[in-house]
Amino acid sequence: REREREPTPHTHPEMLRTFRSNPLGRHGITGRGLMGRWGPNFAADPVFSRWKRSPITNEIQRRGGHPILEFIAIQRKDTGDWAIPGGMVDVAESPDDTMRREF
């Protein structure tokens with residue numbers, strides 16, 4: 001048997017009139033904020049990794065007893081920072097197409 005939930009300021013009609021829409025005050029964000037578009041902003045950021053192997057024996061290389069994990073990173077042209085390759089999914093584009101485009 002389902003238990004009835006207690007009304008909250010966001011669901012109870014009488015309480016909605018007594019509370020402001022944002023009880024914690026302004027959040028400082030206007031419009032889209034830092035997002036590129038209104039509504040959902042989907043991103044495709046694939047992570048490719050592998051264990052580092054010896055070119056001679058093909059054994060997994062270790063450092064301090066732990067296997068070394070390699071992954072693909074790119075250096076951004078605009079900031080010089082290192083990042084995982086990927087980007088925003090354009091309208092009418094699939095995440096697979098985005099990964100191909102960004103990679």
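Hi everyone, let's start with a term: a residue is buried under 20% relative accessible area, exposed over 50% and partly exposed in between, using a 1.4 Å probe and protein chains only. By that rule, buried residues make up 10% of the 103 residues in this chain.

A word on the source: this is a predicted model, where local features need pLDDT of at least 70, side-chain atom pairs count only at pLDDT 80 or more, and totals for chains, interfaces and linings use all residues. Residues are numbered from 1 along each chain as its sequence is written, and side-chain values use heavy atoms, with hydrogens and water left out.

Now the fold. The chain has two helices and eight strands, taking DSSP runs of H or I with at least four residues as helices and runs of E with at least two as strands, numbered from the N terminus. Along the sequence, the pattern reads α-β-β-β-β-β-β-β-β-α.

Next, charges. Side chains of opposite charge can pair when their charged atoms come close. We call it a salt bridge when a side-chain nitrogen of Lys or Arg is within 4 Å of a carboxyl oxygen of Asp or Glu, and the count here is six. One of them joins E70 to R50, with the closest N and O atoms 2.8 Å apart. E70 sits in strand β5 and R50 in strand β2, so this pair ties together parts 20 residues apart in sequence. E70 is partly exposed at 25%, while R50 is exposed at 58%.

Finally, look at R101: its side chain meets E93 at 2.9 Å, N to O, and E102 at 2.6 Å. Together with D90, these residues are linked in a salt-bridge network.
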